[in-house]
Amino acid sequence: MKIGLLSTFPPDSCGIAIYADNLYKNLKGKVDVVRIGDIGANAEYQLDFKSSSLKKQLREIIKKEGIQILHVQHNYGLFSKYFNYNIVSALGQKIPIVVTLHEVHDGKGGIREKLIFSIQKRIVRNCAKLIVHTPNQIKTIGRKAECVFMGVDNHGEHKLQGKTLLFLGFINTGKGVEYLIDAMQYLPEFKLVIAGKIANSKYGKKIEKMVSGKKNIIFKPGWVEESDKKQMYLNTDIVVLPYVWAPYQSAVLHDA
């Protein structure tokens with residue numbers, strides 16, 4: 001069997017790239033996998049995921065390679081800014097399409113959430129099968145979805161070192177980092193490490209201003225490599241995830 005895997009891949013600095021790379025490495029040797037990444041990705045093909053001609057480009061790759069199943073790693077930030085209409089159209093291929101939804105929306109909320117939910121419904125209609133990461137997400141999607149839990153690696157018992165807190169991951173408005181920073185005034189005996197790539201420059205400046213002068217907060221903006229993540233976890237007593245909006249299953253939670 002020959003599978004096309006459409007996703008970001010390293011060296012892209014995002015969790016889905018890491019997820020897809022691990023998936024590729026575990027499938028390699030068992031089935032024939034063709035990686036289809038975005039521009040700059042370590043993949044057999046590189047495409048502009050925001051292109052309006054995504055469907056045509058995928059069709060040409062599928063025909064050339066003889067791909068039998070296309071597996072799409074989907075996150076709304078990866079595709080067209082016009083609410084992902086290009087990827088919805090691109091799912092209309094002559095072969096079965098499997099989509100892993102890394103975000104599952106319920107349509108509850110403002111206009112943006114309702115628009116995203118309408119796109120999600122089109123994705124559900126246009127693919128042969130869906131993969132989500134929790135049983136509760138299946139209830140939102142319906143019978144077309146299968147649950148594949150995020151994998152974890154077993155490690156030895158982690159003994160507490162002291163009173164070090166860690167926030168790790170993309171720093172954006174949905175993660176609630178500002179509330180964690182405010183809470184540190186009530187925890188003077190604790191040290192907080194905030195590490196991760198800033199997704200929004202305006203929000204990043206707000207966080208930088210909030211942590212300025214705080215002696216018990218260490219701020220490390222920027223992408224954290226896998227080897228550095230492991231050491232951060234080992235140096236940490238409590239991982240804190242103060243998310244205020246999270247339609248995804250947190251990879252940081254599983255790593256921790």
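Predicted model: local features only at pLDDT ≥ 70, side-chain atom pairs only at ≥ 80, totals over all residues.
Local features need pLDDT of at least 70 and side-chain atom pairs count only at pLDDT 80 or more, while totals for chains, interfaces and linings use all residues. Numbering runs from 1 along each chain as its sequence is written, and side-chain values use heavy atoms, with hydrogens and water left out.

**View A. The second largest pocket, about 160 Å³ in volume.** A pocket here is an open set of points on a 1 Å grid where a 1.4 Å probe fits, with protein on both sides within 12 Å along at least five of seven lines; lining residues have an atom within 4 Å of a point. Volume is the space filled by probe spheres set on the points. Among the lining residues are Pro-10, Asp-21, Lys-25, Trp-223 and Glu-226.

**View B. An open sheet of 4 strands, ordered S10-S9-S8-S11 with parallel pairing.** Strands pair if DSSP finds at least two bridges between them. S10 (217-221) and S11 (238-239) sit at the edges, each pairing on one side only. S9 (residues 191-196) and S10 share 5 bridges, and Val-193 stands opposite Ile-218 in S10.

**View C. The rings of Phe-49 and Phe-79.** Their centres are 5.3 Å apart and their planes at 20 degrees, so the pair is stacked (centres within 6.5 Å, planes under 30 degrees apart). Phe-49 lies in the S3-H2 loop and Phe-79 in the S4-H3 loop, so the pair ties together parts 30 residues apart in sequence.

Conventions: Helix = DSSP H or I, 4+ residues; strand = E, 2+ residues; numbered from the N terminus. Phe/Tyr/Trp six-rings, centres within 6.5 Å; stacked < 30°, edge-to-face > 60°.
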